[in-house]
Amino acid sequence: MPVLVITGTGTEVGKTVVTAAVAATARAAGRSVAVLKAAQTGVRPDEPGDAAEVGRLAGAVTTAELARYPEPLAPATAARRAGRAPVHPHEVADAAAKLAAEHDLVLVEGAGGLLVRFDAAGGTLADAARLLSAPVLVVAPAGLGTLNTTELTARELRSRGLDLAGIVIGSWPADPDLAARCNLADLPDVAGAPLLGSVPAGAGGLSPAAFRSAAPHWLAPRLDGTWDAEAFRMREAPPAS
């Protein structure tokens, strides 16, 4: 996987922390990593964005950001309101391809969900993934409501002929409720793709050293980690009714 596109089922699902975990785990496996943020919204020019946060947590990774808009809106809307040029899918693909020529792994982090619009023509992260022929990793929340949004995202990826690499739970609670526990079995079923990890809630608040040490234990071997989906499910599964 020279390029891996990372999207979420929506906003605030843990996408940036998962991106950092994938980057840290790949680095621990000896791979050189670049992280590309396609469009950063809701951040002032002097504030660190998502790519910088990935770099802080994961360590020595190359970070890049194609565009930044001050209002916390969809990129196309934020660009229009700021009077700035939007990001287009081909620009995302071109930037990722250039980074891939110099790195073992390039992580392309989207903004919000898969179909959030980058430009007035309706270009999306899915279009960039198609141009790159890159697999897509979907970050999903743990609890109630996640099955619907995860299945919709998976169906959209398949309708476009894109490869769904798997699902990572972006924030596994310390005290999961019944829905979250049941979703461990149901998520891979509705997605038609494997669970490839579960990042504990609050992981982004760890020190960088602690984060890098723990990250491989949150991700499955396909992402260079040691996390075992079946063992995790058996440990967290609810008792039979």
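Predicted model: local features only at pLDDT ≥ 70, side-chain atom pairs only at ≥ 80, totals over all residues.
Ser133 sits in the loop that links α5 (125-132) to β7. The phi angle of Ser133 is near 50°, a positive value in a residue other than glycine. Is Ser133 buried or exposed? Its relative accessibility is 68%, and because exposed means over 50%, Ser133 counts as exposed.

Asp224 belongs to the loop between α8 (208-214) and α9 (229-236). Its phi is near 75°, again a positive value in a residue other than glycine. The relative accessible area of Asp224 is 29%, so this residue is partly exposed.

From these loops, attention can turn to the sheet. Which order do the strands follow? An open sheet is formed by 7 strands, arranged as β4-β2-β6-β1-β7-β8-β9, and the pairing is parallel. At the edges lie β4 (62-65) and β9 (195-200), each of which pairs on one side only. From one strand to the next, the twist averages 20°.

Helices pack on this sheet as well. One of them is α5, which touches β1, β6 and β7, and whose direction makes about 165° with that of β1. Another is helix α7, spanning residues 178-191, which packs on the sheet in contact with β8 (164-172) and β9. The direction of α7 makes about 165° with that of β8.

On one side, β1 and β6 run parallel and are joined by 5 bridges. Within this pairing, Val3 has Val106 of β6 as its bridge partner. β1 also pairs with strand β7 (residues 136-140), in the parallel sense, over 4 bridges. Here Ile6 of the model stands opposite Leu137 in β7. Strand β6 is in turn joined to strand β2 (residues 33-37) by 5 bridges, and these two strands run parallel. The bridge partner of Ala34 in β6 is Val106, the residue that is also the bridge partner of Val3.

How many residues of β1 are buried? The strand is mostly covered, with 6 of its 6 residues buried. This holds for both faces: Val3, Val5 and Thr7 are buried on one side, and Leu4, Ile6 and Gly8 are buried on the other.

In terms of residue type, the lining of the largest pocket divides into 8 nonpolar, 7 polar and 5 charged residues.

Conventions
Residues numbered from 1 in each chain as written. Heavy atoms only, no water. Nonpolar A, V, L, I, M, F, W, Y, C, P; charged D, E, K, R; others polar. Buried < 20%, exposed > 50% of the residue type's maximum accessible area, 1.4 Å probe, protein only. Pairing = 2+ DSSP bridges. Axes fitted to C-alpha atoms, helices over the stretch in contact; angles between N-to-C directions. Contact = heavy atoms within 4.5 Å.
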